[in-house]
Amino acid sequence: MEVRTAHGVLRAEVDARESWRAAAERVAGRRVVPVDLSADPPLFATESPWQVALRPATPGDLPDLLRWRQHEHVRRWWAAEGEPTQELVRGQYAPVIAGETPDSLWIVETNGRSLGFLIDYLLRDHPDYAVLTPDPEAIGVDYAIGEPGWVGRGVGPQMLWAWMLTVGRRHPGVATGFAAPDHRNVASLRVLAKAGFRAGTWFDEPQPDGTVDTVVGCSIGFATVLG
């Protein structure tokens, strides 16, 4: 385990009884964020140029959600859901915002600026999907950095980290996180790897338009990585 600080890189051995985060924070003496947990050894840092946080989405976020879904770098991965019109986006997200579904919708903020969204859901609440996954009791997550200027700047792993830190408080019995990007979505797969997810089984996921996408199941054990 390595931790990048303002004064150099610290190294730590992970005790069998502690998580990666605990080991990194033990040697650093402060909170850490992931840089690349797929590296050998996994790399954390004590400082970041950005403060990444999540907040629950509100009806006032619907215009941003529409705009983000219409950007080509997001649109291509949601194409099977239909043309991202105002009616479609409102129909998808307004019920979640209103608490009419078991899912949760979050807005990703960096230094107070909204730049993307994240939606999570207990897989057991979606049994047709859960049966395709390795752990039907996991919590699933979908996400997008909507603002094109923030893509590829290292925000993604910290976004997922901020989300994972909320899961234990909201769902204390859930041990695993799960995401399944399209196998062609290299950027998303890389973000997941950097945040500590591990790629597993590829499977075919039926889409709303009747097509089938081949996706990569990626999982993270919260106890191992976060504690």
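Contact, in this talk, means heavy atoms within 4.5 Å.

Some ground rules. This is a predicted model, where local features need pLDDT of at least 70, side-chain atom pairs count only at pLDDT 80 or more, and totals for chains, interfaces and linings use all residues. Residues are numbered from 1 along each chain as its sequence is written, and side-chain values use heavy atoms, with hydrogens and water left out.

How confident is the predictor? The term pLDDT is its confidence in each residue, from 0 to 100. The protein chain averages 95, and 100% of the residues score at least 70. Among the elements, strand β9, residues 176-179, has the highest mean, 98. Strand β2, residues 8-11, has the lowest, 93. In general, where pLDDT is low, the predicted coordinates should not be read in detail.

Now the overall picture. The protein chain has 8 helices and 11 strands. Those are DSSP runs, numbered from the N terminus: helices are H or I with at least four residues, strands are E with at least two. Along its principal axes, the C-alpha trace spans about 50 × 35 × 30 Å. A compact globule of 227 residues would have a radius of gyration near 17 Å, and the 18 Å of this chain agrees. That radius is taken over C-alpha atoms, and the globule rule is 2.2 Å times the number of residues to the power 0.38.

What share of the residues is buried? Buried residues make up 47% of the 227. Buried means under 20% relative accessible area, exposed means over 50%, and partly exposed is in between, with a 1.4 Å probe and protein chains only. Look at contacts with a separation of 6 or more: residues 24 or more positions apart account for 59% of them.

The surface next. The chain exposes about 11,200 Å², and carbon and sulfur atoms supply 51% of it. These areas come from the Shrake-Rupley method with a 1.4 Å probe; for residues, only the protein chains shown count as cover. As for charge, there are 22 positive and 29 negative side chains, and the centres of the two sets lie 8 Å apart. Lys and Arg count as positive, Asp and Glu as negative; His and the chain ends are not counted. Each charge is placed at NZ of Lys, CZ of Arg, CG of Asp or CD of Glu.

Let's visit some residues. Start with Met-1, in the segment before β1. Is Met-1 buried or exposed? Met-1 is buried, because its relative accessible area is 12%. Its C-alpha atom is 7.5 Å from that of Trp-20, 19 residues along the chain. Among its contacts beyond four places in sequence are Leu-10, Trp-20, Pro-41 and Phe-44.

Pro-41 deserves a stop. A cis peptide bond joins Asp-40 and Pro-41, with omega about 5°. Pro-41 sits in the loop between β3 and β4.

On to strand β4, where we find Ala-45. Ala-45 is buried, at 4% relative accessible area. Its contacts outside four places in sequence include Val-3, Arg-4 and Val-33. Thr-46 lies in the loop between β4 and β5. Thr-46 counts as buried, at 11%. Val-3 and Arg-4 are among the residues that Thr-46 touches, and so is Ala-28.

Now β6. Thr-110 belongs to this strand, and counts as buried at 1% relative accessibility. Trp-50, Leu-115 and Trp-150 are among its contacts beyond four places in sequence. Then comes Asn-111, in the loop between β6 and β7. Its phi is positive, near 50°, in a residue other than glycine. For background, most residues other than glycine have a negative phi, and most peptide bonds are trans.

Glu-137 is found in the loop between α5 and β8. It is partly exposed, at 43%. Beyond four places in sequence, Glu-137 touches Arg-124 and Val-174. Asp-209 is 72 residues away from Glu-137 in sequence and 27 Å away in space, C-alpha to C-alpha.

Last stop: Gly-177, in strand β9. Gly-177 counts as buried, at 0% relative accessibility. Which residues does Gly-177 touch, leaving out those up to four places away in sequence? They are Ile-139, Phe-197, Cys-218, Ser-219, Ile-220 and Phe-222. The C-alpha atoms of Gly-177 and Gly-221 are 6.7 Å apart, across 44 residues of chain.

How values were computed
pLDDT = per-residue confidence, 0-100.
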